[in-house]
Amino acid sequence: MTTATSGRTRLSGVVGTAHTRVEGRDKVTGAARYAGEIPFADLAHGWLVLSTVARGRVRAVETDPVLAMPGVLAVLHHGNAPRLVTDYAGLMGMTPDPTAAVFQQDRVPHVGWPVALVVAETPEQAREAAEALVVAYDEEPHDTELTADHPDAHPAGGVMPAETGKGDLAAGLAASAAVVDAEYTTPEEHHSMMEPHAATALWDGGRLEVVDSNQGTTWIQGELASMFSLDASAVRVRSEHIGGGFGSKGLRAHQVAAVMAATELQRPVRVVMTRRQMFSLAGYRSPTTQRVRLGSDPDGRLLALEHRSLSRTSSVYEFVEPSAGVARVMYDADAHYTANHVVPLDVPSPTFMRAPGEAPGSFAIESALDELAERLAERLGVDPVELRLRNEPEVGPVSGLPFSTRNLDACFREGARRFGWAGRDPRPGVRRDGRWLLGTGTAAASFHSGAGPSTATVTAQADGTFTVRISAADIGTGARTALTLVAADALEVAPDRVRVRIGDSDFGPAMIAGGSMGTRSWAWAVTEAAGELRERLALGVTVPPEGITVRSDTTAALGTLAQKERHSFGAQFAEVAVDTATGEVRVRRMLGIFAAGRIVNPLTARNQLVGGMVWGISMALHEEAVRDRTSGGLYAPDLAGYHVATNADVGDVQADWVDDPDPDDPVGIKGVGEIGVVGAAAAVANAVRHATGVRHRHLPIRPDRVLSAASAGGGAADGSGGAADA
C-alpha cells in the first residue's frame, strides 16, 4: 500500500508543454485497432444496398435469388425489418435523421437512400449478393437544384435563431460612403475522413454491445436505446480509436442496420460503409448562396450589415448550415440583419461539418469586407487589416453580452508583423515572379467555444499510478494526450503516472467530440475529479488494493456560468501565385495566428490548426461535389472525382497563437478543432483578387474559372488591376 505522493516530488505545469501522443506507438505499429478490424468469433458481414432513383417508391425487393447465393444469411428491407421508435428527442433535442432509421418505409427521398441490407458469412459474399439484389421502383420527378429564388425557401433556425435584426438597414446603406452588395456561393462539400464508418453489433448476456467509430459513445448509446426501445443500461457502445470524424460520425444507417441484423441472426454483424456510400449516408456540407450588403462611413466603420444565407436540406429532415451566424459575432453596425434560410430538396441530409456555418459564412463576409476595403482604398487607402480592427465590437453585436476574451486585434497585429504585411503594395496585379502573378490576402476567424456537461472518474491505484475514465472521443485531435496532461497537473504528478481510458459508454455520460467543445468539457470534469482525489490523498489516506475512486459531474458548475460570448478567434494570412495562362493557383505560404484559450498541448494543437488551414486551402481551390440534375446523384462520388488538397498543393503553412486563457474555465481552455478552417478560404480568395485584380465570389477557384476571368478582360494579366468579378 502506498499514498499517492509518498517519497515523490509533487509536479505540476505539464499543461502547455509539447507531448507526443500517448497512443502514438500503438497507432504506427498497428496495435491500435479501429472499429472495422476488431476480431469477433462467428462474425457475419452486412452490405448496404442503396437506391438508384432520386424520388419514388420501392415496388419490390427480389430477395429469393439472393438468399440462394453462397453464404447469404439474410436480406433486411422495409417489408421485414423490425419497427423502430423515431419520434424521440436525441442530441440537442433533435429527432433523428430518418436516413438512420433504416427500412421503415417504401418511400425513397433521394439517390443513395438505404433500401436493404444483405448479410453473409464474408464481406465478399455480402457485396456480391448486394450488387445482385434487384430492387424495382416507381420513380417520380425530383428536384435537386438549389437556386437563390427557390419558391420553397423558408427561414430555419437549427442551432441558432433563424433571423436577427436591429436598426434601419435601408437608411444605413443610404447614409454610407461606401457600399458592397454581392452574392457569394459555396458548393456541396464532403468530410471524406480516411477511416470509413464501421460498426459491429452483438448481444452478450442480454445486453447489446456496439463497437463503432463515432464522436460520442453515450450519444450513440442513447440514440440506439431510444430507437430500439431499450433501457440505456442495456446498451454499451465502445469507440476507442477513430480515424477522423469532422461532424459526420454520429448516428448513421450502418449502426442501426448492424443492430437489426445482429438481433435477427443472434450473432455479431459488422457493417462498413464503402467510400461511395459515405457520399450518400455520412452527411456533408450543404451548398450555400449568400448575399452580403455592407455600408460604412468614410473611415470604414460599418453603418449597415446584412448577411443572408440560403442552404439546402433533404425532404425528410431539416438541417441548417447557419452561415449567417458568423456575422452575429464578428462585426457590429447600427443596422444589423442576418438570416439563415433552407430549401428542402430530393437530396441526402446535410449535417455538421468542420466549422459548420462559420467556414462558408466566413468566406462570404470576409470577402465582402475585403471588397469594402477596396472601395475605401480608392479614396482613403484603408488597409484590409486596419478595416477589421476599426470594426472590433465591444460586446456581442446581436446578443449584447460581454466577450469572455476577444483578442482578435492581437492576432492581426502579430500576424501582420510576422507575415510582413506592412510591406504589401495594395495595388492588384502588380507583383510578378516569372509567369506567376503574386498576391496576399487576409481574413478574420471565429468559432464558438462552449462546454457540455460531462462526468469522469479518477482512480488512485495502490502502485501510485492513476486511471482516468471518461466517455471522450479522440477523433484524431490528440484528446487522449491532452487529458493525460490535464489530469497530471490536477493530481500534481508526472504524466507517466496517469493512464486515460476513453471511448466507452460504461464510463458515464460526457460531451461529444464536436463543436470544439470536447477537450474543454472533458478537461473540466477530469480536473474536478482529480482535484478532489488529490485533496483526499493529501490527508495521508492509504490506497487499498482496489484503489480510491472519485467521480465528477460538471452539470451544476456549468449551470452557474455567467452568460457571455465565448469564442476562439484568429487572423489568417495567405500568399498565392496565379498563372493566368494555365489557370493554376498555388498557395505559397499561409500564416494563422489564433486566440484559442490556453493551449494544452502545443504539438497536437498546432497540428489541428494547420490541418484546418489546409482544409481551407482545399475549400478555396479544390473541393466541389457536383450533382447530375437528371439522376439526382453525384458525379464520381469518390476521392478520384472529389478533389482535395494533397501534399503538392500545400506550401509553407504555419500556425501559432497569442496568450488567451478563458478566465471562466478551470484550465483556461477554449477550443482549436475548428477555428483553423474558418477564414482560410477567404484569405486565399482575397489573395487571388490581389494577385489578379479579379474577384472570385464562387468557390472553388478552379483553373477554368481563372482562365475564364482572364479571357473576359479582368485586367490581371497586364497588371492593370481591373475590378472584374468571377
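A residue is called buried when its relative accessible area is under 20%, exposed when that area is over 50%, and partly exposed in between. Please keep in mind that this is a predicted model.

Let us apply those terms to a first pair. Arg127 and Glu131 form a salt bridge through their side chains, at 2.9 Å from N to O. Both residues belong to helix α3, residues 123–132, where they stand four residues apart, about one turn of the helix. Arg127 has a relative accessibility of 43%, so it counts as partly exposed. Glu131, at 56%, is exposed.

A second salt bridge joins the side chains of Lys166 and Asp332, at 3.0 Å from N to O. This pair links distant parts of the chain, 166 residues apart: Lys166 is in strand β8, whereas Asp332 is in the loop between α8 and β16. Lys166 is partly exposed at 33%, and Asp332 is partly exposed at 25%.

Is Glu575 buried or exposed? Its relative accessible area is 10%, so Glu575 is buried, while Arg589, at 26%, counts as partly exposed. There is also a network of salt bridges with shared partners, which joins Asp370, Glu371, Glu374, Arg375, Arg689, Arg695 and Arg697. The structure holds 56 salt bridges.

I turn next to a pair of helices. Helix α9, residues 358–377, packs against helix α16, residues 680–692, at an angle of about 35°, and their axes are 8 Å apart. Their crossing is right-handed. On the α9 side the contact includes Phe363, Asp370 and Glu374; on the α16 side it includes Ala685 and Arg689. By type, the residues of this contact are four nonpolar, three polar and four charged.

Finally, the interior. In soluble globular proteins, nonpolar side chains tend to be buried together. In this model the largest nonpolar core has 85 residues, and those touching the most other members are Phe103, Leu117, Val256, Met260, Ile470, Trp522 and Leu533. Helix α12, residues 479–491, supplies the largest share of this core, nine residues. Apart from this core lies another, of 83 residues, including Leu387 and Ala691. As for Leu117, among the residues it touches are Trp47, Leu76, Phe103 and Val271.

Thank you for your attention.

Technical notes
Residues numbered from 1 in each chain as written. Predicted model: local features only at pLDDT ≥ 70, side-chain atom pairs only at ≥ 80, totals over all residues. Heavy atoms only, no water. Core = buried A, V, L, I, M, F, W, Y, C linked by side-chain atoms within 4.5 Å. Buried < 20%, exposed > 50% of the residue type's maximum accessible area, 1.4 Å probe, protein only. Helix = DSSP H or I, 4+ residues; strand = E, 2+ residues; numbered from the N terminus. Contact = heavy atoms within 4.5 Å. Axes fitted to C-alpha atoms, helices over the stretch in contact; angles between N-to-C directions. Left-handed = near helix turned anticlockwise from the far one by under 90°. Nonpolar A, V, L, I, M, F, W, Y, C, P; charged D, E, K, R; others polar. Salt bridge = Lys/Arg side-chain N within 4 Å of Asp/Glu carboxyl O. Lists of a residue's contacts leave out its neighbours within four places in sequence.
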